[in-house]
Each structure stands twice: as C-alpha cells, then as structure tokens.
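This briefing concerns pairs of charged side chains. Please look at the structure below before reading the points that follow.

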Amino acid sequence: FSDDAGVTFTKVMDFDGDKWANASWGQLPPLDIDRLASHYGLTLSSTFIVRFQQYDNSYFGAYSSSSRDGIFIDDVEVRVPDQTFINKFPYNEGFEEGTKMPKGWAYSNSTFPYVDPLSEFSTGMVDNNSVVRLEGGVGVASKYESLAVSKTGQNGLYLGKSASGELGIVSADLKLNLKEAQNVILKFDIFSSFEELSPQNGIYLSVDEGLTFTKIQDFTLISNKWGFMEVDISTLAEEKKLTLSEKTVVRFQQE
C-alpha cells in the first residue's frame, strides 16, 4: 500500500505461490483495506495506491510446467462492504435470494494481518503460520464441484477448496446485533464432504466487530451426510467471559 502517491510502499500481504494450486483460477478472501492501512500506520487518501507485485525467474511460456512462473489477475473489485448487523429475531436464512452472500454475511479472511499474522487477531493459523489459500472459497450456490450444496430449497452456503494440496482455511461471518439479548440459540443443518475435524474447524465468536475471535464450539459432522447442530450462544459466551454486543460476529470456519 502507498498513501503518498507511490513515493513509499508498505507490504501488507504475501503471495504464497509455493502453496497455491498451479494453473488454477481462485480467489483470496477480501482485503480489508481500511483495517490493514490503519494497522500499518497508513491513512486512506486521495492518492492511495494498491500495488500487485510478482517476482520470479521464469516466464509464462517455459517448455516445462515446473519452470514456468507468473500470475494472472482479473475481476478486481473495490467496494464498501455490507455493514448490516442483523437485529430482528427470530432470524432465518435459507440462501434462496440468489447467489450473492445475504445481508449480514461476509466471506472473511481468517488471518490478520496478512504479513506475520498475530495469533490474537487470527483464527486461520496453524503453528503460527497463515493457511489462507488461493483455491479456498466461500459462497452461495446450488452446486459446488458437482455436489449439491442445499439440504432444502435451491441454494446453500459452501466452505471449502476447489483444488487439493496444502491445508487451507476459509471462513463465513454472520453479523448480529445481540446487545442485551438473552437465551440466544443458533441452529443449522451441516453437510460433511468427508471433512476431517481439525482444531481450526468450528464456530467462533467475536463481540468486538470481528477484531478478535474466540472458538466456542467444534463442528459435529457425519461423513457424507447431513447433520444438525444447535449452539447455545449465550451460555458459551458466558463460559468464555464474553458479553454479547451490538457488533457480535459468529464465524463458521473450515480447514
């Protein structure tokens, strides 16, 4: 990033190409430009620059795929994210209003910041390393990689990867206004595509607008079958000494 028209630049994210699937299109989770700039002491300005930088020793058309290098970038979007915090309950979401994430939901980056992740701000880490991958994805669809995404209706929410290889973490966040709410229960159907349980999988809770998260529940999964989960948000928050707020975020995380 540069906030001075390109006079100086600060690196805010690594392209971890050695751990990406080769010759495969993908999409990293959105960059929170405002939060990243603030973390690195930068100010959003009228001359702000985002630089995409690639460095390597081979070219696109090398004879052997093992000696090729390069990155393609397409469909760049800069937007102000949806800041809706759901405040009408009971709340139900079946993902049937098209293939965009519904209001109050976000595809989130589990690691912050992107360079030298800090454990107190990150849920997407294993052994102090970020495991956010290019081929990971979160979205709404009727099918993903030929698998039906919904249990009922047309669409459902998917979390996973479009290519095998290195471990990767993806997250979907649900933003809720739970100030002074009591007896909050979260219920949902969940399908396991032979998912292996790992310590990073599960439900996380933030009461500070997503700055910090605490894991409150593991997933309960049945391989290749739909299951059902009921999570007592109020009780688990109390056990973790968290106070539900108007800026509460429930994170669904898959590794």
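A residue is called buried when its relative accessible area is under 20%, exposed when it is over 50%, and partly exposed in between (1.4 Å probe, protein chains only). The model is predicted, so local features need pLDDT of at least 70 and side-chain atom pairs count only at pLDDT 80 or more, while totals for chains, interfaces and linings use all residues. Residues are numbered from 1 along each chain as its sequence is written, and side-chain values use heavy atoms, with hydrogens and water left out.

**Salt bridges in general**
- Side chains of opposite charge can pair when their charged atoms come close.
- A salt bridge requires a side-chain nitrogen of Lys or Arg within 4 Å of a carboxyl oxygen of Asp or Glu.
- By this rule, the structure has 6 salt bridges.

**A buried pair**
- Arg251 and Asp173 form a salt bridge, with an N to O distance of 2.8 Å.
- Arg251 belongs to strand β13 (residues 248–254) and Asp173 to strand β8 (residues 170–176), so the pair ties together parts that are 78 residues apart in sequence; strands are DSSP runs (E, at least two residues), numbered from the N terminus.
- Arg251 and Asp173 are both buried.

**Pairs with exposed and partly exposed residues**
- Glu230 and Lys187 form a salt bridge, their closest N and O atoms being 4.0 Å apart.
- This pair links distant parts of the chain, 43 residues apart: Glu230 is in strand β12 (residues 226–232) and Lys187 in strand β9 (residues 185–191).
- Glu230 is partly exposed at 48% relative accessibility, and Lys187 is exposed at 54%.
- Lys11 and Asp14 also form a salt bridge (2.5 Å, N to O).
- Lys11 is exposed at 54% relative accessible area, and Asp14 is partly exposed at 36%.

Terms used
Helix = DSSP H or I, 4+ residues; strand = E, 2+ residues; numbered from the N terminus.
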